[in-house]
Every structure is written in structure tokens, then in C-alpha cells.
Amino acid sequence: MRKKAILITGAAGEIGQALIEQLSASGEYILLTLDLHPLPEALDGRSVHMIGDILDQKLFARLVTEYELDTIFHLAALLSTRSEFSPELAHQVNVNGTLNLMQLAAAQSQQRGKPVRFIFPSSIAVYGMPDLKTKARDFYVREWDWNYPTTMYGCNKLYCEQLGSYYSHNYQQLAETTPTMLDFRSIRFPGLISAFTVPSGGTSDYGPEMLHAAAQGVPYSCFVRQDSTIPFMAMPDAITSLLQLWETPRSELSRTVYNVTSFSLSAAEFKAEVEKRFPQAEVSFDPDLQRQGIVDSWPAGLNDKQARRDWGWQPAYDVARAFDDYLVPNIQERYR
Ligand code: AKB
């Protein structure tokens, strides 16, 4: 008999590492993890780790001979800045890779007669604010507002959300019998800040980069203007939201895609929070016009009422708690 397992792609990334830590703690699940890179040593023994590519369909075909996939956390993606340097590669990985996994999940759902839960992190990058005036006016955007991404990554995320909805509701709609479809759920994340990992390839990276540089006593030159404002969230809240959405019965969900957020800060306010905890921090501002354009197109805040109503979402970390209870103590420990 095949063993029931949870698959996590992009497992060596920031969200992946934190998710493995959390999901493996109970010992309840078999975790299959996939990434182009090995996992850090600290996660040894927590999962069956495979080094591989989400574009490799043979790898997935082998996987399902041994395991019954109950849930897929599909985290693998090229982030926004990285994707602008290689947009076609980003499309391959972010869209074709996701499609591969959706096909796999659809086939697994039919085979076992029970939907595979497919959890997909999306992003504020799906929004495209037309100008700064509108960004200031429509501060907290709702899921259906301003869905006009300006980056390849944002286009990829928005399209894959729609593909997920298609595979959940309309896949094989002309077949004689309705198949058991996969159960797709997605969260649009703000910029995430982890105490244990430093992001790479994203455009919200200036926040965490500023903080990690200050903790190491290294000067930091911020690539956006001081007034640039986007929403942020501490990594533990991101993991909690993924797990809550995963566990909620389908009947309680009125949507497939949900905003979640915690706090919004301008780059100057972010700097002030960092300086409160690291008074010696040396942060300067030297905006990069292209990356600035991307951040200007992202909303200043997210309206997450739908998630609060449907599955009781509430962040545990506001700005003060994020810095004082999670980020600063753990980052200090890390660079000691
Ligand atoms: C990025 O900057 O690309 C990501 C995101 C906001 O999705 N962190």
C-alpha cells in the first residue's frame, strides 16, 4: 500500500524551511520535500528530501508509485526581481511547474476519490496600482481590486491562482461523469520577514535585508525611497496562515484566494523600527528606479476581512511583537 504523504516544493526556501520545522514537529506526517538545493543541516531527518526540478515530470511519476499525496504545499517559484532578469525562465518555473503539479494533484484526486489539498502561496505582486495617488487612496486593497500585475512574477501568480480555481471547479467539465477534483487554496502574502533566513530574488527584500544588516553591524543601502509603503508579515504568522487555511473544511471557504496581512510600513518607518532596536544601524537610501517602480505598483496594505471571516485569520505579531518577541531576539542569537 502506498504511504500517505505531504509534498512540499521549494522546500529549501524561506517559507519551506519554516513550514518543515512546524509540520515535522508533531511527527504526525510523512513529509516529502523537493528543491534544487539540499536542506540546511538543521532540518536533517525531518523529511524525505529529493533534489530535483518541478519541471521533471518523470520524478513525479516515480513519486506517486510509492506515495499517496494527500496535500501539496507548492512553494517553488522565482521571485519578482529574479523573474524580471529571466522572464521566460520564470514563466517556465512559475507557470509550467505549477501546471505539472496541478495535473499530478488532479490525477491523484481522481485515483483516490478524495481531493488533494493544493496550497499555493501567492503575493501582493498580483496587484498593480496605477499611480502613487491611487495607492495612497486605496490603501487596503481587496482580493478583486487592481488585479493588474506589472511583473512576470505577478502575472504568473495571478494566472496560477486562476488555474487552481479551474482545476478545482471546472476541470474535465465536458466529461460524462464529474471527476473528484483537487482542492486548491491560495494566500496572497505581503513581504515576509524571517529571523532565520535572508530572502533573495524578491523586491520586498529591502525590509529584511535592512534588519539583518543592522544586526550584523553592516551598513545598508536601501533600494527604494523612504516613503515607499507595502505590507509586511513575520514568518511565524505566514506559516500559521498556511496551516489554518489548509485545515479549514472546504464548506467554510467562500473563495479560493485570500489576502492576509499584519502591518504596513514605509521604508523610513521600517528603518526607525530597526534603529530602535539597533541604534548603531547605518541605513541610507539609494533608490533603484526599476525596483522602485515594482514596489510603487504594489499596494500599501491588504484588506484581509475575507480570511478573518471565513477561517478566523488574525495575525499574532503586530510590528512591536514581530520585532521585540520574534525578529530581534532570534536574529541576535543567529549573528552572535
Ligand atoms: C517578492 O518580493 O518577490 C516576494 C513577494 C512580495 O511575493 N517577497
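Predicted model: local features only at pLDDT ≥ 70, side-chain atom pairs only at ≥ 80, totals over all residues.
Asn156 belongs to helix 6, which spans residues 152–169. Apart from residues up to four places away in sequence, Asn156 touches Ala90, His91, Asn94 and Val95.

Seven strands form an open sheet in the order 3-2-1-4-5-7-11, and their pairing is parallel. The edges are taken by strand 3 (48–51) and strand 11 (257–259); each has a single partner strand, so one side of each lacks a neighbour in the sheet. From one strand to the next, the twist averages 20 degrees.

Within this arrangement, four bridges connect strand 1 (residues 3–9) with strand 2 (residues 31–35) in the parallel sense. One of the residues involved is Ile6, whose bridge partner in strand 2 is Leu31.

## Helices packed on the sheet

Helix 6, which holds Asn156, packs on the sheet and touches strand 5 (117–123), strand 7 (183–189) and strand 11. The direction of helix 6 makes about 155 degrees with that of strand 7.

Helix 8 (residues 235–247) also packs on the sheet, where its contacts are with strand 1, strand 4 (67–74), strand 5, strand 7 and strand 11. For helix 8, the angle between its direction and that of strand 7 is about 155 degrees.

An N or O atom in the side chain of Ser123 is 2.7 Å from an oxygen atom of the ligand. In the case of Tyr153, a polar side-chain atom lies 2.8 Å from a ligand oxygen atom. The side chain of Ser204 has an N or O atom 2.9 Å from a nitrogen atom of the ligand.

The ligand taken alone exposes 250 Å², and the protein buries 91% of that area.

## Strand 10 and its partners

Strand 10 (residues 229–234) is mostly covered, with six of its six residues buried. Strand 10 pairs with strand 8 (residues 191–193) in the parallel sense over three bridges, and in this pairing Gly191 stands opposite Phe232 of strand 10.

Strand 10 is also joined to strand 12 (residues 263–266) by four bridges, and these two strands run antiparallel. Here Thr229 stands opposite Ser266 in strand 12.

## Gly312 in a loop

Gly312 lies in the loop between helix 11 (305–311) and helix 12 (319–335). With a relative accessible area of 48%, Gly312 is partly exposed, because this value falls between the cut-offs of 20% and 50%.

When neighbours within four places in sequence are left aside, Gly312 is in contact with Gln244 and Ala307. Gly312 and Thr248 are separated by 64 residues in sequence, and their C-alpha atoms are 9.6 Å apart in space.

Methods:
Residues numbered from 1 in each chain as written. Heavy atoms only, no water. Pairing = 2+ DSSP bridges. Axes fitted to C-alpha atoms, helices over the stretch in contact; angles between N-to-C directions. Contact = heavy atoms within 4.5 Å. Polar contact = N/O pair within 3.5 Å; in protein donor to acceptor, adjacent residues only side chain to side chain. Areas by Shrake-Rupley, 256 points an atom, 1.4 Å probe, with all protein chains shown as cover. Buried < 20%, exposed > 50% of the residue type's maximum accessible area, 1.4 Å probe, protein only.
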